[in-house]
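Colleague: Thanks for sitting down with me over this model. Could you take me through its pockets, its cavities and one of its helices?

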Amino acid sequence: MLRYAIPVFTVLLFTIPPINIQAQTTATATVSAATNLNLMPAERYRMANRMLSWKLNGKVYNSIIQPEWIHEQALWYRVNTKNGNEYFLADVAGSMKEPLFDQQKLAANLQAQARGNMNDGGDGNVDSRNGNDSKTDGDSNGIDPYSLPISDIEVSTDLTTVRFVYDNHRWSLNRGTGELTRGNELPALRPGGNYVMSPGGRYAAFIRDHNLWLKDMHSGEDMQLTTEGEAGYGFATDSQGWSRSNRPVLAWSADETMISTYRLDERMVEEMHLLRTTDGRPELVSWPYALPGDEHVPMHERYVIKIPEQCKVKLQTQLYHQRTSNCCGLTRGSEWADNEFSPGNETLAYVATSRDYKEVTLKLADTRTGAVREVFAERDEMFIETNLTSRGVPNWRVLHGSGEFIWFSRNSNWGHLYLHDLETGELKNAITTGEWNVVDIIRVDVDARKIWFTAAGMNPDEDPYEDYLYSTGFNGSGLQAHTPVSGHHQVTLSPDAGHFVDTFSDVQNAPVTVVRDSSGAIVMELEQADISEVLAEGWQKPEPFVTKARDGETDIYGLMFKPSDFDPSKKYPVINSIYPGPQTGSIGTRAFSVSRRGQAHALAELGFIVVQIDAMGTPKRSRDFHTAYYGEMADNGLPDQIAAMQELARRHSWIDINRAGIYGHSGGGFATAAAMFTHPDFFKVGVAGAGNLDNRGYTYYWGEKFQGSYTVLDEDRDSYTNQALQYQVENLRGKLMLSYGTMDSNVHPNMTNLVINELIRHNKDFDLVVMPNRGHGYGNESYKIRRTWDYFVMHLLGLVPPREYDIER
């Protein structure tokens, strides 16, 4: 393979003295208020500030490609350039590209319409000769040609016309003459985007008074589809405890005539409570939130709704658990996952997942009668995944025409595709095999009996987390690789799969976007990302590494971040930026990114070596690897993290393994606190944010999937005691800072308060940052980042940070 070139409350429970950085050998040395303070130079913080994601992301150009195929030989795409967003048409046959339209003229003509200066004579046409007065000077009334407020772009197959939505109207642009025609006004939609559009844009589904409604985008009329909905027992309700919205959960048929959805019964589900900070009395916020072991949990009654008849058919089957066959949540994109209508809508295929995630069942429902037939069931005594990426589309497809279905399973220890008989459910043959994983089904060609998919780990000499494109026959023969360049590939196939757009990159090399033919040969290049401005800021590429896991045999993969003025003759503390999974790992995508989890680049600039390691218990490896600490969630892959850090220290004399820190948010907060309590001799400093520190207090779907069903073992223990960190705080010896948001409706702050209570009971010093009225995503707030920096600077470097440094956004 080729390698291409509101106030925040803070509790402080200690004071800090001065330390000579050259003399410090441990992270627990203290500093007294003496006259000769060792101060961290403010320039270090300024450099770290320049490495924050919101400072760098806007300096990467030609990297965000959004391709749309028009037909087999042409596509259009939008790309971020130094000017802004630009639009291009690519002629694949001629290997040429050109502007999709004159953006200056289009902005001017749209501007004329906005001012009411249209030269249309009442016929809705705009004279393109007004195309020289576009305003780009920041005038509040101006339209920037490179930030056009247009959406829903379509290009005619003859390439002559571009249609789009602007100012709530449909418009048509003649590419040859520049003539702009305004169409009818679109009906107004509910604010906040709380609707799901049908595939062709005819209808917008929304919830009103616990019932499902449609807005006809042609007539503007509202249509009520259900009438019996009530509080706690509504139709298409998105209420998952940890996540909820006003947007309906449903799946459309391709012809926009049917909807698959449910009526959610959560009337008996116990509530979770939060207090919103306000003047005077705080405001109580309560909502249904099921926990592991709860008797009453949310349940689904499944329905098919027929739009033309305005009627619904209740499926003749038991209630279903609020589950999807892979992590996480019910929807993928805008639609309910695990639902698939047959071409003529006679049948709805769907997958039901058991409460404990150990069993999934493929079922077929008659959309006329509601009768349901079970086709196939699979059980895994750990947990089922039908896609190994978080929020990936489940990898099953029903082939109604041939009477077969494609199924994803890890019964061989690896994630592969299998062909089954739709009538009997029996296995016909394996489609893919080997010690690697299918990632996503991209295309199923029934006529050619060929399947296109991405996979990871097929080539043993490459990063097993990088995605490549392959195809093979339904019978497992004719496996073909289509992406010959090493790296992570993001692909978009043409209508007939004769070509595909391939954006490839890796953790060190910026994206290149090309068009390839089906053999993988490059037909034309579209874009090369430009990171020159990022490099000019002093940004350093992360360094990939491979070490052994806790067993001394299994390879685990990581990234290392160094300061831009790295000096190998010095000793550096090492900090682990962790996210333990199990639905993803610390690193995340192997595609190029100038920013990584936890603002790792920025932290390194303060004088640290920062590492991210995908330990055992994370996906996209074997089933055994992924389920390594099932039932022992407090493990968090920490023995692998430690083994890797120790191996790195043996390789590199400039790593001071005696000054090891760790930090993370959410699951990473759980892992960080666990590290400080269960490995106190190794980790000296930890910053743990928004952690699910006792999964008995977190959403039942998470704990029951990855820890197992809740059972009482004896008077003092249950099956979740081993992961509840409040029982392990007496081991704390290092410096620990905890934080939470008081309105975190995902990971409730009660779990952190349980730990705090025990820390106090055991007379342990610790630090606490409380973020009033913040939800779960406060981790990238400037204050939280600055406090994290200060904590590591004080306790790993022994320096006094710049007082209240103001991080720029």
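Modeller: Gladly, and let us begin with a pocket. β17 (251-252), β25 (335-336), β26 (339-341), β30 (397-399) and β34 (437-445) each give two or more residues to the lining of the second largest pocket. Strands here are DSSP runs of E with at least two residues, and helices are runs of H or I with at least four, numbered from the N terminus. The model is predicted, so local features need pLDDT of at least 70 and side-chain atom pairs pLDDT 80 or more, while totals for chains, interfaces and linings use all residues. Residues are numbered from 1 along each chain as its sequence is written, and side-chain values use heavy atoms, without hydrogens and water.

Colleague: Which element supplies the largest share of the lining of the second largest pocket?

Modeller: A pocket is an open set of points on a 1 Å grid over the protein atoms alone, with protein on both sides within 12 Å along at least five of seven lines; a cavity is a set where a 1.4 Å probe fits but cannot get out, and lining residues have an atom within 4 Å of a point. This pocket has 30 lining residues, with N339, E340, F341, W396 and R397 nearest its centre. The largest share, four residues, comes from β34.

Colleague: How much space lies in the second largest cavity?

Modeller: Its lining includes H300, R302, W336 and D338. β21 (299-306), β23 (320-321) and β27 (347-353) are the elements giving two or more residues to that lining, and β27 gives the most, with three. A volume is the space filled by probe spheres set on the points, which are joined across faces, edges and corners. For the second largest cavity, that comes to about 80 Å³.

Colleague: And what is the volume of the largest cavity?

Modeller: Among the residues lining the largest cavity are Q240, W242, Y357 and Y701. The volume of the largest cavity is about 90 Å³.

Colleague: How many residues of α8 are buried?

Modeller: Buried means under 20% relative accessible area, with a 1.4 Å probe and protein chains only. G667, F670 and M676 are among the buried ones, and their cover includes α7 (638-651), β47 (655-665) and α10 (750-761). In α8, the buried residues number 11 of 12.

Notes. Buried means under 20% relative accessible area, exposed over 50%, partly exposed in between (1.4 Å probe, protein chains only). Contact means heavy atoms within 4.5 Å.
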